[in-house]
Amino acid sequence: MTLAARGTGLFIVVEGGDGAGKSELLRGLAQALKADGHQVVLTAEPSTGPTGQQLRALLADPEAAQSTSPAEWALLFAADRLHHLRTVVRPALAAGFLVLSSRYTLSSLAYQGTVLGMEWVEVVNAHALAPDLLLFVDTPPEVGLARLAGQRGADAFETLERARAAAAGYAQALARVEASGGTVHRLDGTLIVEELVERARALVPRLPLLRKGKGAGLGEMLEPTCDHDVQPVPGDEDWGRCVRCREEGFPLTERSAYGDVKCRTCKDTGLVPCLFEKPGQLFGDRACPAEGCQAGRDAT
């Protein structure tokens, strides 16, 4: 599917093993693209949707993770992926945003495809949207785990044995994607973050910017002014609270003019958590594409 067939946005996926440097790359790339004038949504899998929260809970519980079969993992990830696409990715693309996501179908092929068979995993992900740009951060497993050490508690999959198995799985998944005509841009994960970001930035296709100001159509949508990584998920209890503020425990303190709850930090910095204007409001000849968007509903 072409960009024109689904909107003016761009779907960029960053893949790689644990500790590869995906998060640092995504944050740096998002900042660089914003500096270029683009409007960016930064998100990740598992998502913050209902199935994504279930996946996160499983990953944080080694015993529960161990008792979950590869097929169950694959189906849970596929279900979360479709929900994430429907509620976050596709609406943002339709509105012209650049969507940057950590992990996608390549991870399912690497982790479950090597056990269940690549075709099995491809079938359950048949309705997943193909990314416009797929970046793979190639980092030795030992280096990745060393980076994670001391940063946070390891989840059920973060052991050297699993990391090496995942690296082998990614190698098989990459070979399959490339053999089927897909393009994967490999980046050296041992580079310093700044250089890694510049190499990724050079791969992003040039797109027209969403202009701001009167008569700018979709570009009139308000843009977050703080540098937090926002994952706007309608229906999520944390909708409107950025990743940083969730992690640091800043409370949800105020409703914006659009009816969305803002955390203290995002309120003070003027962050508008919803990507869209009021439901049904026209931008030129297009209405808000977000299914179930609540923006403005509580304020009217």
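This is a chat about a predicted model of a protein chain.

User: Hi! How many helices and strands are there in the protein chain?
Analyst: Hello! The protein chain has twelve helices and nine strands. Of its 300 residues, 51% count as buried.

User: And what share of the contacts comes from residues 24 or more positions apart?
Analyst: Among contacts with a separation of 6 or more, 68% are between residues 24 or more positions apart.

User: Good to know. On to helix packing: at what angle do α3 and α5 pack?
Analyst: Helix α3 (residues 50-59) and helix α5 (residues 70-94) pack at about 140 degrees, and their axes are 8 Å apart. The crossing of α3 past α5 is left-handed.

User: Which residues meet there?
Analyst: From α3 you have Pro-50, Thr-51, Gly-52, Gln-54, Leu-55, Leu-58 and Leu-59. On the α5 side they meet Trp-73, Leu-76, Phe-77, Ala-79, Asp-80 and His-83. Sorted by class, that contact holds eight nonpolar, four polar and one charged residues.

User: Why does Ser-108 count as buried?
Analyst: Because its relative accessibility is 3%, and buried means under 20%. Other buried residues in α6 include Leu-106, Ser-107, Leu-109, Ala-110, Gln-112 and Gly-113.

User: What do the buried residues of α6 pack against?
Analyst: They pack against strands β1 and β4, plus helices α5, α7 (118-124) and α9 (160-179).

User: How far apart are the end C-alpha atoms of α6?
Analyst: They are only 14 Å apart for twelve residues, short of the 16 Å a straight helix would reach at 1.5 Å a residue. After α6 comes Gly-117, with a positive phi near 105 degrees.

User: How does α2 do on span, what does it reach?
Analyst: Helix α2 (residues 22-35) has 14 residues and reaches 20 Å from first to last C-alpha, close to the 20 Å expected. It is followed by Gly-37, again a glycine with positive phi, near 105 degrees.

User: Which residues of α2 are buried?
Analyst: Lys-22, Leu-25, Leu-26, Gly-28, Leu-29, Ala-30, Ala-32 and Leu-33.

User: Switching to β1 then. Is Glu-15 buried or exposed?
Analyst: Glu-15, which lies in strand β1, is buried, with a relative accessible area of 0%.

User: Which residues is Glu-15 in contact with?
Analyst: Setting aside neighbours within four places in sequence, its contacts include Lys-22, Arg-103, Tyr-104, Thr-105, Leu-106, Ser-107 and Tyr-170. The list also takes in Leu-134, Leu-135, Phe-136 and Val-137.

User: And what separates the C-alpha atoms of Glu-15 and Ser-107?
Analyst: They are separated by 7.1 Å, although the two residues are 92 residues apart along the chain.

Conventions
Residues are numbered from 1 along each chain as its sequence is written. This is a predicted model: local features need pLDDT of at least 70, side-chain atom pairs count only at pLDDT 80 or more; totals for chains, interfaces and linings use all residues. Side-chain values use heavy atoms; hydrogens and water are left out. Axes are lines fitted to C-alpha atoms, for helices over the stretch in contact, and angles run from 0 to 180 degrees between N-to-C directions. Helices (H or I, at least four residues) and strands (E, at least two) are DSSP runs, numbered from the N terminus. A crossing is left-handed if the near helix is turned anticlockwise from the far one by less than a right angle, and right-handed if clockwise. Contact means heavy atoms within 4.5 Å. Ala, Val, Leu, Ile, Met, Phe, Trp, Tyr, Cys and Pro count as nonpolar, Asp, Glu, Lys and Arg as charged, and the others, Gly among them, as polar. The expected span of a helix is 1.5 Å times one less than its number of residues. Buried means under 20% relative accessible area, exposed over 50%, partly exposed in between (1.4 Å probe, protein chains only).
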